[in-house]
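Let's take a walk through this fold, strands to begin with and aromatic rings after that. Have the sequence and the 3D view open side by side.

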Amino acid sequence: MAIRVPHIIKKSSTSLDVPKGHFAVYVGEKQKRFVIPISYLNQPSFQDLLSQAEEEFGFNHPMGGVTIPCSEDIFIGITSQFRI
């Protein structure tokens, strides 16, 4: 069974790499950067991840993006379920 990962622009390096309508998140122990569509903000499971991020890190994000407190595999598993 293949895993479908829609709309994620993976491994972006600078803020200039973020296209309009997207934002950067950092995921996993190695803080891997993903650029994802803002439409993910409407997804209840992504909102749960944001709530966890707020509890763990607050609103201070020195890397310029949101830090998501889960593994890359979990993040990709959750976002691959979105029908956007």
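## The strands around E2

Strand E2 and strand E4 (residues 66-68) run parallel to each other and are paired through 3 bridges. If you want a spot to look at, Val 27 sits opposite Ile 68 in E4. Keep in mind that this is a predicted model.

E2 also pairs with E3, but here the two strands are antiparallel, with 6 bridges joining them. Ala 24 has Val 35 in E3 as its bridge partner. E2 and E3 make a hairpin with 4 residues between the strands, and in that hairpin Gly 28 adopts a positive phi near 85°.

How much of E2 is buried? Strand E2 (residues 22-27) is mostly covered, with 5 of its 6 residues buried. As background, side chains in a regular strand alternate between the two faces of the sheet.

## Rings that bridge the chain

Now for the aromatics. The count comes to 4 aromatic pairs, taking ring centres within 6.5 Å as the cut-off. Take Phe 34 and Phe 75: their ring centres are 5.2 Å apart and their planes meet at 45°, so this pair is tilted. Phe 34 belongs to strand E3 (residues 32-37) and Phe 75 to helix H2 (residues 72-79), so the pair ties together parts that are 41 residues apart in sequence. Phe 34 and Phe 75 are both buried.

Next up is Tyr 40 with Phe 82, an edge-to-face pair with 4.8 Å from centre to centre and 80° between the planes. This one links distant parts of the chain as well: Tyr 40 is in the loop between E3 and helix H1 (44-57), Phe 82 is in the segment after H2, and 42 residues separate them. Tyr 40 and Phe 82 are both buried too.

Which residues join up into a cluster through ring pairs? They are Phe 23, Tyr 40, Phe 46 and Phe 82.

## The buried side of H2

Back to H2, the helix that holds Phe 75. Which of its residues are buried? Phe 75, Ile 76 and Thr 79 are buried there. These residues cover an arc of only 95° around the axis, which puts them on the same side of H2. Phe 75 is also the ring that pairs with Phe 34, so this helix is tied to strand E3 through that contact.

Definitions and conventions:
Residues are numbered from 1 along each chain as its sequence is written. This is a predicted model: local features need pLDDT of at least 70, side-chain atom pairs count only at pLDDT 80 or more; totals for chains, interfaces and linings use all residues. Side-chain values use heavy atoms; hydrogens and water are left out. Rings of Phe, Tyr and Trp (its six-membered ring) pair if their centres lie within 6.5 Å; planes under 30 degrees apart count as stacked, over 60 as edge-to-face and the rest as tilted. Buried means under 20% relative accessible area, exposed over 50%, partly exposed in between (1.4 Å probe, protein chains only). Two strands pair if DSSP finds at least two bridges between them. The arc is that of the directions from the helix axis to the C-beta atoms.
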